[in-house]
Amino acid sequence: MSKTVVHVLRHGEVYNPDKILYGRLPGFRLSELGVQMAKAAAQALADRDLAYVVASPLERAQQTAEPIAAQFGLPVAVDDRLIESANWFEGKRVSPGDGSFSDPRNWWVLRDPVTPSWGEAYRVIAERMFAAVHAARVAAEGREAVCVSHQLPIWTLRRYIERKRLWHDPRKRQCGLASLTSFHFEDAKIVGIGYSEPAAHLVAMSPTARTAKGA
């Protein structure tokens, strides 16, 4: 029986002074603190038997993967299936209390929270992420892999694997900045899920960590 672990890592804090929902927009890179978060995640994985590193094509995910790949002498592969979810509000300022959700012009977009109507369907997100994780498992067969992705796709994947409904309260996601959601496989079967926050001490220093947009 082959035992493999695939760690799905959320990227670190992003430099976003205008506080917009950046989603898939190019040019959004890690903040200085975010770079330190990536290094903390790399340190947490230093003693693991890592054979494969892959990331979303977005800059912040690629940056987060770099210190991990460097310490193992591995390249950073790219998998488009790990990308952030599509969102109608991309490029806009959207946060509780700013009026975005009470503005009648946005009501049609917000009509269906289950699918959801404002972006990529949760099931589509879950299925592409599930496929990406299995591809990483195959690439690291019998060892360990890291996939760097984004908060909503990671949390949606976890709920999908745990057979929970996919629509949820975003405030209750267990997926902090630079956190690791680890899927343990026996052959192709997932037999356990772990979670850790190696950069928690750095997240605590960030005034925007809990309200970061487009994560």
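Author: What follows is a short talk through the fold, the surface, the cysteines and one glutamine.

Author: This is a predicted model, in which local features need pLDDT of at least 70, side-chain atom pairs count only at pLDDT 80 or more, and totals for chains, interfaces and linings use all residues. Residues are numbered from 1 along each chain as its sequence is written, and side-chain values use heavy atoms, with hydrogens and water left out.

Reader: Okay, how many helices and strands does the chain have?

Author: The chain has 5 helices and 6 strands, where helices (H or I, at least four residues) and strands (E, at least two) are DSSP runs numbered from the N terminus. Along the sequence their pattern reads β-α-β-α-β-α-β-α-β-β-α.

Reader: And what is the radius of gyration?

Author: The radius of gyration, taken over C-alpha atoms, is 17 Å, which agrees with the value near 17 Å for a compact globule of 215 residues; the globule rule is 2.2 Å times the number of residues to the power 0.38. The C-alpha trace spans about 55 × 35 × 25 Å along its principal axes.

Reader: How much of it is buried?

Author: Buried residues make up 48% of the 215 residues, where buried means under 20% relative accessible area, exposed over 50%, and partly exposed in between (1.4 Å probe, protein chains only). Of the contacts (heavy atoms within 4.5 Å) between residues at least 6 apart in sequence, 70% join residues at least 24 apart.

Reader: Switching topic: how many disulfides are there?

Author: The count comes to 0 disulfides, a disulfide being a pair of cysteine sulfur atoms within 2.5 Å.

Reader: Last one, Q62: where does it lie?

Author: Q62 lies in helix α2, which covers residues 59-72.

Reader: And is Q62 buried or exposed?

Author: Q62 is buried, because its relative accessible area is 19%.

Reader: Which residues is Q62 in contact with, leaving aside its neighbours within four places in sequence?

Author: With those neighbours left aside, Q62 is in contact with A55, S56, P57, V76, A77 and V78.
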